[in-house]
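Dear colleague,

I am passing this structure on to you, and I would be grateful if you could look it over before reading my notes. The findings follow directly after it.

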Amino acid sequence: MAGANVLRVERAPALIRSQVTDNLRQAILDRRLAPGQRLIERELVEMTGVSRTSVREALRELAAEGLVTAIPNKGTVVASVSAEEARQIYQVREALEALAGRLFVQNASPSHLKALRRALEKVERAADKGQPILAAKDAFYEVLFEGGGNDALKSVAGSLHARVSVLRSLSTSVPGRLEHSVEELQTIVDAAERRDADAVSALCALHVKNAGRAGLEALAEQGES
């Protein structure tokens, strides 16, 4: 058939590896792959339909993110987060995001403020449709840190991102937390538009504190089940 080659799909190794990594990461965040669960390469190859090499490379990337860990004589398992580790992570996040909020007000341009409002609207739309909001919140925080203009702070916060992702996914599962989370982001944007650095800093810290309380509650419930 003339032009048939135009329709041919190339299975680029880098794209395949990225998709495998994304799918496994999402399964961990959704708890379809539970904390402590052993990840057997042969089974993952059968589940994903890709090569053992692609699976191994995806697991290496997830290990670098802290989502899986290699245990001697057991193999690769989904990483667990203890209540104490969660408390410590949220303490650090609270301080980092309070500073991020203050720096945003001090350094953000008018275009950054508009971008933050647009990012909030995407979070609101996702919530209204009953869709997961974590990706939209990631975009919100990307604007917040970008507008603050401190690359070192952005890098430190980014290093915590993977470990925080599991906790964030847990916290939004607590009844009522999703609605409160959106409301808290709304107050942050309103205060940022007023250029009230003290208020934005305090509200960012409160947002993390409330998320941490919900995350710890969800962890405790899991331990009881």
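On a 1 Å grid over the protein atoms alone, a pocket is an open set of points with protein on both sides within 12 Å along at least five of seven lines, whereas a cavity is a set where a 1.4 Å probe fits but cannot get out, and lining residues are those with an atom within 4 Å of a point. This is a predicted model, in which local features need pLDDT of at least 70 and side-chain atom pairs count only at pLDDT 80 or more, while totals for chains, interfaces and linings use all residues. Residues are numbered from 1 along each chain as its sequence is written, and side-chain values use heavy atoms, with hydrogens and water left out.

The largest pocket is lined by 21 residues, and those nearest its centre are Gln26, Leu29, Pro132, Leu134 and Ala135. Its volume is about 400 Å³, where a volume is the space filled by probe spheres set on grid points that are joined across faces, edges and corners. Helix H1 (13–29), H6 and H8 each supply at least two residues of this lining, and H8 gives the most, with five residues; helices here are DSSP runs (H or I, at least four residues), numbered from the N terminus.

The second largest pocket holds about 300 Å³ of space. Its lining has 14 residues, of which Tyr141, Phe145, Ala157, Gly158 and His161 are the closest to its centre. H6 provides the largest share of that lining, four residues.

H6 (residues 134–148) also packs against H4, the two axes coming within 7 Å and crossing at roughly 60 degrees; axes are lines fitted to C-alpha atoms over the stretch in contact, and angles run from 0 to 180 degrees between N-to-C directions. H4 and H6 are therefore oblique to each other, since angles under 35 degrees count as roughly parallel, over 145 as roughly antiparallel, 65 to 115 as roughly perpendicular and the rest as oblique.

Finally, the search of the whole structure finds one cavity of 30 Å³ or more, and about 60 Å³ of space lies in the largest cavity. Residues lining this cavity include Tyr90, Arg93, Lys137 and His207. Helix H4 (83–107), helix H8 (161–171), helix H9 (177–193) and helix H10 (197–224) each supply at least two residues of its lining.

With best wishes
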